[in-house]
Amino acid sequence: MKTTTILAVAALACAAPLAAQQPDRSAPPRLGEPPTLSLPPIREQRLSNGLPVLLMEKHDVPVVEIDVLVRAGTAYDPPDRIGLASLVADMLDEGAGGRNALELADAVDFLGARLRTSAGLHTMGASLYTAVARLDDALPLLADVVLRPTFPKDELERKRASRLTALLQAYDEPRIVASVLFSRALYGDKHPYGYPAVGNEASIRAVSVDDLTRFHDAYFTASNAAIVVVGDVTPAALLPKLEAAFGTWASGAAPKLALPPAKQVARREVLLVDKPGAPQSEIRVGAMGAARQTEDYYAIVVMNTILGGSFTSRLNQNLREDKGYTYGAGSSFAFRPAPGPFVASSAVQTEVTDKALAEFFKEFAGIRRPIPVEEITRAENYEALGYPAGFQSVDDIAGSIAELVEYGLPLDYLNHYVARILGVPPAQVEAAARKYVDPNRMIVVVVGDRAKIQPELEKLGLGPVEVRDVNGQKVPEAAKKQE
C-alpha cells in the first residue's frame, strides 16, 4: 500500500471518533471535585527560654521562611502616639546589631536573602526568606533586627518626613479618605480600630527614639512572641540554630491590650466629604461585623462570596456588569480578635452616585431573603477551589500559620478548611445574612463632588446627610452656607 493511501485511511479512521466527540456547548462544563489540601503537619517545639517554634517541613525546594511574630501591633498604640507601632516595625531594619541601615541591607543582599518587617493590628515582627545553604549567615541578621535594633535618630527623622508627606498626599486620595472616615465613624475616636495605623500629624511629629525603645522593650519578649518556620529544614538541624540566635531572648510579661467595647450601628448615618470636581464618588457602606472566633465564620464567608466577595457576586454583577456604574464593586468582612468591620465599597461615576447607592441597598435587602441552593453551592465551590492556591510558596504557608497563632486556631485547621466550607448548610448562610447585613443599621460614607451629589443623596431617604472634612470633623452649618 502506498504511503498516501495509508495516510488517507488513518485520517478517515481518526475523523469518525472526533466527529462523535464534539463538546456539548449547551451548558457550562461541570466542575470537578475541589482539590484537596494536604499540608505536612505543623510541629510545635520550644526553645530553652520557652519561645514557641511552629515548624512545617517542605522539602520541595531548598529554601526556608522564618517569621518572628510579636503579639503587639497598631492596636497597641498609646492614644497620644498613634502610629508608634508601625514606626517601630518600620525602624527595626534601619540599624541593628552594630550595622547601620545600609550595611544591614548590603549584608542581606549579599546572601541573596529577603528580610522584611511589618506591623498589623495585633501582631508585628520580621521575616526572613533565604536559601537553606545561607541560613547560618542570614539567621543572625534576623536576630539582630528583632532583638537589637538601634533606632537611629537620623533614620527616624527620614521616616517622619516621609510619613508627613504621605499623610498630605492621603488627604487628596478619595479612596483613602473614604476608608479612614468609615473606620472612624464605625468605631469612634477612642477605639484603636477607628484611627489610621500610620498615625496623624500630631502623633507623627511627637514620636521620639525613646518612644520606639520603650515600645520595643515592653512588647518584644520571648514570652510574648512565636517563631514560624516553613521550608527545607528538620527540627534536628534547625532548633540548635534558633537556640543560638534567640535562646537568650529574655522572657517578661508584656502589657495586655484592653480594647474598649465597640457598639453596633444603631441606625443609618450618611457622611459626605466634598471633593469638588471629582469625576467619581468613593462609596463605603457597612456596619460592625464579627470576630474571627465566631461560630458563624464559615457561613459568613460563603454568604459574603455571594454578596460581594467574588467577581460574579451580586454587587459586582449589578453595579459593573448590568448597570455599568463602576469597574468593580464588592464587600468584605475583616475578621479580627475583636469584631472587625463589614464594608461594601465601590468607586462610581459622579452622576450615578445616588443610583449606585440605591443598588447597594437593593442587594443588602436581597441577600436577607431566601438564597437559591445552587447559588450557595456555587459560592462554596468557589471558596473551596481557590483555597489551595494560597499555599504555593513557603511565605504563603508561613503567613497562614501566623494567623493560627494570632487567632488561637488549632494546628490542623488548614487541612480541614475546605471540608468545613463545603459543609455549611444553606440555612446557616441565610441566617448569617440576616444577622450581619441590616440595611437599616449602616454607615454610608461618600467622598465626591458635593454640589452634584448631595441633593440626590438626600432624595434617597437614607437619612440626613452630614458633611465632614477630610479629617472627619463636622463642617459647621455656617461654613456650609458660605460655600
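Predicted model: local features only at pLDDT ≥ 70, side-chain atom pairs only at ≥ 80, totals over all residues.
1. A residue is called buried when its relative accessible area is under 20%. Phe215 has a relative accessible area of 4%, so this residue is buried.

2. Overall architecture. The chain contains 18 helices and 14 strands. Its C-alpha atoms fill a box of roughly 90 × 75 × 45 Å along the principal axes. Of the 483 residues in the chain, 49% are buried. Among contacts with a separation of 6 or more, 81% are between residues 24 or more positions apart.

3. Aromatic pairs. Ring centres must lie within 6.5 Å for a pair to be counted, and by this rule there are 16 aromatic pairs. One of them joins Tyr76 and Tyr219: the ring centres are 5.3 Å apart and the planes stand at 80 degrees, so the pair is edge-to-face. Tyr76 belongs to the loop between β3 (63-70) and α2 (84-91), whereas Tyr219 belongs to helix α8 (residues 209-219); the pair therefore ties together parts that are 143 residues apart in sequence.

4. Burial of the two tyrosines. With a relative accessibility of 15%, Tyr76 counts as buried. Tyr219 also counts as buried, at 10% relative accessibility.

5. A further pair at Tyr219. The ring of Tyr219 also pairs with that of Phe215, with 4.7 Å from centre to centre and 45 degrees between the planes, an arrangement classed as tilted. Phe215 and Tyr219 are four residues apart in helix α8, so about one helical turn separates them. Tyr219 thus takes part in an edge-to-face pair with Tyr76 and in a tilted pair with Phe215.

6. Charges over rings. Two arginines may be noted here. Arg114 lies over the face of Tyr129, 4.6 Å from the ring centre. The charged end of Arg336 is placed over the ring of Tyr193, at 4.7 Å from its centre.

7. The largest pocket. The space in the largest pocket comes to about 730 Å³. Its lining comprises 35 residues, and those nearest the centre are Val180, Leu181, Gly194, Tyr195 and Pro196. At least two lining residues come from each of α5 (153-170), α6 (174-187), α7 (201-206) and β12 (341-349). Helix α6 provides the largest share, eight residues. Sorted by class, the lining of this pocket has 20 nonpolar, ten polar and five charged residues.

8. The second largest pocket. This pocket has a volume of about 450 Å³. Its lining is made up of 23 residues, with Tyr297, Val301, Phe335, Glu403 and Tyr417 closest to the centre. Two or more lining residues are given by each of α10 (297-307), β11 (326-333), α13 (373-386), α14 (394-407) and α15 (413-422). Among these elements, α10 gives the most, with five residues. The lining of the second largest pocket has 13 nonpolar, seven polar and three charged residues.

9. Points to inspect in the model. Which parts does the pair of Tyr76 and Tyr219 tie together? The pair links the loop between β3 and α2 with helix α8. Which element supplies the largest share of the lining of the largest pocket? That element is α6, with eight residues. For the second largest pocket, the corresponding element is α10, with five residues.

Technical notes
Residues numbered from 1 in each chain as written. Heavy atoms only, no water. Phe/Tyr/Trp six-rings, centres within 6.5 Å; stacked < 30°, edge-to-face > 60°. Buried < 20%, exposed > 50% of the residue type's maximum accessible area, 1.4 Å probe, protein only. Lys NZ or Arg CZ within 6 Å of the ring centre and 35° of its normal. 1 Å grid on protein atoms, 1.4 Å probe; cavity = no way out; pocket = protein on both sides within 12 Å on 5 of 7 lines; lining within 4 Å. Points joined across faces, edges and corners; volume = space filled by probe spheres on them. Nonpolar A, V, L, I, M, F, W, Y, C, P; charged D, E, K, R; others polar. Contact = heavy atoms within 4.5 Å.
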